[in-house]
Amino acid sequence: MNIYADETLGLFHLQSKDTSYIIKLVEGYPAHVYWGAKLRHDNSLAGVLELRERASFSPTPLPGKPSLSLDALPQEYPQYGSGDFRRPAYQVQLADGTRISELKYAGYAITPGKPALEGLPAVYAENESEAQTLELTLKDDYAGLTVRLLYTVFADHSAITRSVRFEHHGDAPLRLEQALSASVDFADSAYDTLHLSGAWARERHVQRRPLTPGAALSLESRRGSSSHQANPFLALLRSGADEDQGDVYGFSLVYSGSFSATADVEQFGQTRVSIGINPFGFSWLLEPGQSFQTPEAVLVYSGEGLGGMSRTYHRLYRTRLCRGVYRDQARPILVNNWEATYFDFDADKIATIAKAAGPLGIELFVLDDGWFGRRDKDDSSLGDWFEDRRKLPEGLADLAGRVNKEGLQFGLWVEPEMVSPDSELYRKHPDWCLHAAGRRRTEGRNQLILDLSRPEVCDYLYETLSTVFSSAPISYVKWDMNRNMTEIASAGARPERQQETAHRYMLGLYDLLERLTSRFPDILFESCSGGGGRFDPGMLFYMPQTWTSDNTDAVERLAIQYGTSIVYPASSMGAHVSAVPNHQVDRITSLATRGDVAMSGNFGYELDLTKFTEAETALAARQIAQYKEIRTLVQQGEMYRLLSPFGGSGETAWMFVSEDQTEAFVAYFRVLAKPNPPISRLTLKGLNPELNYVLETGAADSSGHGHGTSDAADAAEGRGDAPFQTAFGGTPLGGDFLMHMGLVVSDLRGDYASCTYRLRAVQR
Ligand code: DGJ
């Protein structure tokens with residue numbers, strides 16, 4: 001890691017772990033020169049940028065310098081209005097009504113460490129030796145605008161973070177109409193784009209397609225949250241790059257609101273990638289003396305394909321974005337009552353589920369929606385955060401105590417950002433929701449959204465939630481959010497600031513979360529938005545895990561969890577075993593396969609344990625014992641994807657390897673059975689070729705058969721009580737053999753089959 005600044009050449013060379021990023025000043029314009037594999041730093045970098053005269057309609061800002069056109073110059077933070085016709089990174093309207101702005105270099109500073117971004121989530125450094133930061137100062141003197149481009153490099157991660165700060169030093173107000181976090185110009189367009197797209201219950205499916213001139217890739221959310229439909233992430237893959245090799249460039253935005261991510265190929269074949277707050281519906285008034293900080297974009301380069309990029313994001317986000325005591329701690333195995341009872345429960349019912357959970361080894365009970373106000377269905381009571389004595393006659397603390405007595409910690413569901421029109425809170429404060437005066441208040445799931453752009457609303461929530469969280473021994477909180485924004489306007493804002501509401505909402509939410517997580521450092525927070533509607537790095541800064549999807553079907557989850565793993569670590573994904581037929585798709589899969597899928601995240605159950613048969617109870621106990629043995633591997637290990645559910649083969653596989661490569665856990669899934677199938681060999685990854693490994697099969701598979709659709713068969717096949725059982729006669733296999741020749745997968749039977757393996761290194 002190092003940042004070199006050569007003032008004579010006007011060159012900045014940023015070296016993060018295995019990557020270089022080079023900026024050069026061209027007549028005061030910060031030009032982008034290079035981003036990719038790490039380069040040496042020496043005098044040979046003097047000639048790194050070649051400008052060429054363009055016989056086209058590209059204006060030239062400096063007389064006598066026909067080779068300089070902003071329309072062709074690769075730039076660090078491009079503007080519109082003085083010759084670059086491509087997508088700008090920012091737009092500002094001046095008091096004179098014009099939108100022309102031109103930023104020129106005005107200085108730089110290099111500091112050790114990484115500064116926090118005021119009011120915003122961001123990657124952090126724990127000490128100054130971990131990171132180094134370059135601040136490039138640009139100025140538009142006519143507008144009185146100073147713009148600071150922040151770049152941080154890391155000793156241990158091939159990542160570069162970028163963000164931008166606007167400061168208004170002039171004397172008339174300015175209106176920021178666009179303020180993206182990062183823009184990068186690539187020299188050509190021989191890339192594929194990759195992004196994660198979906199819908200409720202179908203989140204983060206992987207989409208890959210080649211870039212073509214004239215056809216921009218534009219991803220965005222206008223929903224007021226990062227959304228189920230899109231994720232604030234975009235990657236460029238060098239044509240031909242795949243999971244294991246080739247250059248890959250990731251852009252991930254640490255933000256939970258409406259965003260935009262685009263890739264445009266321009267006339268000279270260059271590609272511009274931009275990411276930041278969605279300019280749609282955004283503007284920000286800067287009075288003289290005021291400033292605006294953009295969210296942070298995290299840029300990751302990998303020369304080792306998509307897998308290498310993912311592992312950099314996983315490590316960085318797991319260790320330097322997530323915070324709090326749970327960052328490095330094993331996450332508890334939980335049982336959640338949502339799919340078990342929905343709204344129909346009382347304290348005794350909850351206590352019986354907890355009683356069944358204790359002996360299985362489950363560690364946490366989560367009481368989901370329906371415990372407060374008079375909420376028997378989803379049409380009332382959000383905002384009334386006091387227990388419903390009809391369901392919990394002795395109160396919340398008493399129920400938490402009963403759950404604790406069964407040996408489980410107690411967790412609670414809340415949806416604080418919402419208000420039901422049928423609630424005491426709404427009757428008292430009808431103007432506290434997002435709404436536009438004189439217009440309909442459009443409901444979603446029968447609810448409105450509290451206006452978190454207003455400090456008094458956030459203060460109220462802080463006090464109310466603090467009371468709830470202190471009222472019982474609460475170890476875990478599931479923070480839900482079940483609709484998107486409409487009528488985005490605030491009764492607390494002047495007309496000229498109405499377009500700030502959506503971003504001010506995010507700032508209010510982040511501030512509230514900062515205050516609550518600081519006040520309750522021992523509570524494990526899990527974020528949720530109808531499953532994965534706000535699965536983004538912004539939320540992970542406050543809450544180290546997210547409920548991945550409301551879709552708990554094992555087969556659907558393969559695609560969802562695989563897609564999510566493109567950016568996010570397994571330790572961030574909540575994954576539960578639920579009942580069959582599955583409540584979202586009606587599919588019947590075996591308990592064993594459901595367990596194998598859920599074990600690749602933060603494991604839990606979401607069904608009525610009291611309805612388990614004896615065989616199911618025994619299998620669940622083995623699953624839990626198994627997960628406890630591999631939990632650290634899954635939650636803290638390096639993930640390698642082996643077979644993609646998007647590849648068309650119907651097979652999915654992934655594995656987790658410990659940092660010292662002495663242990664690994666492999667999971668293989670096959671959706672549909674085939675007659676007379678070839679022998680499946682899984683070529684493993686990430687092992688030490690010099691080591692030998694003994695292999696054991698997971699909870700079920702001692703007889704050579706994986707999990708089919710029949711739990712009875714799994715149970716009857718006498719798979720034993722031990723969580724893992726010796727495989728391949730206990731003969732060790734070489735890491736080199738397993739990675740080149742592969743592991744022969746068990747002879748699986750039936751549809752929706754799976755098997756798992758634990759590998760442990762032994763002395764040769
Ligand atoms: C949506 C969540 O994703 C579910 O897990 C559950 O908590 C419901 N909300 C409760 O209303």
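Because the model is predicted, local features need pLDDT of at least 70 and side-chain atom pairs count only at pLDDT 80 or more, while totals for chains, interfaces and linings use all residues. Residues are numbered from 1 along each chain as its sequence is written, and side-chain values use heavy atoms, with hydrogens and water left out.

## Domains

The domain assignment gives domain 1 (2–320), domain 2 (334–547) and domain 3 (640–762); such bounds come from an automatic or database assignment. Taken over C-alpha atoms, the centres of domain 1 and domain 2 are separated by 35 Å. Their contact (heavy atoms within 4.5 Å) takes 33 residues from domain 1 and 26 residues from domain 2. Buried area is the accessible area, with a 1.4 Å probe, that two parts lose on being put together, summed over both. Between domain 1 and domain 2 that area is about 2,400 Å², and carbon and sulfur atoms give 53% of it. On the domain 1 side, Pro-121, Ser-256 and Trp-284 lose the most area to domain 2, together 22% of what that side buries.

## An enclosed strand

Helices (H or I, at least four residues) and strands (E, at least two) are DSSP runs, numbered from the N terminus. A residue is called buried under 20% relative accessible area, exposed over 50% and partly exposed in between, using a 1.4 Å probe and protein chains only.

Why is strand 15 described as largely enclosed by the rest of the structure? Seven of the seven residues of strand 15 (residues 248–254) are buried, so the rest of the structure largely encloses this strand. Val-248, Gly-250, Ser-252 and Val-254 point one way, Tyr-249, Phe-251 and Leu-253 point the other way, and all are buried.

Strand 15 also has pairing partners, where a pair requires at least two DSSP bridges between the strands. With strand 14 (residues 233–238) it runs antiparallel, joined by five bridges, and Gly-250 is the bridge partner of Ala-235. With strand 20 (residues 296–302) the pairing is again antiparallel, over seven bridges, and here Leu-253 stands opposite Ala-297.

## Aromatic rings

Rings of Phe, Tyr and Trp (its six-membered ring) pair if their centres lie within 6.5 Å; planes under 30 degrees apart count as stacked, over 60 as edge-to-face and the rest as tilted. The whole structure holds 36 aromatic pairs. Two of them are set out below.

| Pair | Centre distance | Plane angle | Type |
|---|---|---|---|
| Trp-338 and Tyr-342 | 4.9 Å | 80° | edge-to-face |
| Tyr-510 and Tyr-542 | 5.3 Å | 20° | stacked |

Tyr-510 belongs to helix 7 (residues 501–519) and Tyr-542 to helix 8 (residues 537–542), so their pair ties together parts that are 32 residues apart in sequence. Tyr-510 is buried at 1% relative accessibility, and Tyr-542 is buried at 7%. In the other pair, Trp-338 is buried at 17%, whereas Tyr-342 is partly exposed at 30%.

A charge sits over a ring if NZ of Lys or CZ of Arg is within 6 Å of the ring centre and within 35 degrees of the ring normal. The charged end of Arg-323 sits over the ring of Phe-541, 3.6 Å from its centre, and that of Arg-557 sits over the ring of Trp-547, 4.7 Å from its centre.

Helix 10 (residues 591–598) is mostly covered, with eight of its eight residues buried. Among them are Arg-594 and Asp-596.

Which residue does a cis peptide bond join to Val-580? The residue is Pro-581, and omega is about -10°. Pro-581 is found in the loop between strand 29 (573–578) and helix 10, and is partly exposed at 42%. Leaving aside neighbours within four places in sequence, Pro-581 is in contact with Asp-586, Arg-587 and Ile-588.

Asp-586 lies in that loop between strand 29 and helix 10. Its phi is near 65°, a positive value in a residue other than glycine, and Asp-586 counts as exposed at 59%. Ala-201 also has a positive phi, about 70°, although it is not a glycine. Ala-201 lies in the loop between strand 11 (191–197) and strand 12 (205–210) and is buried, with a relative accessible area of 10%.
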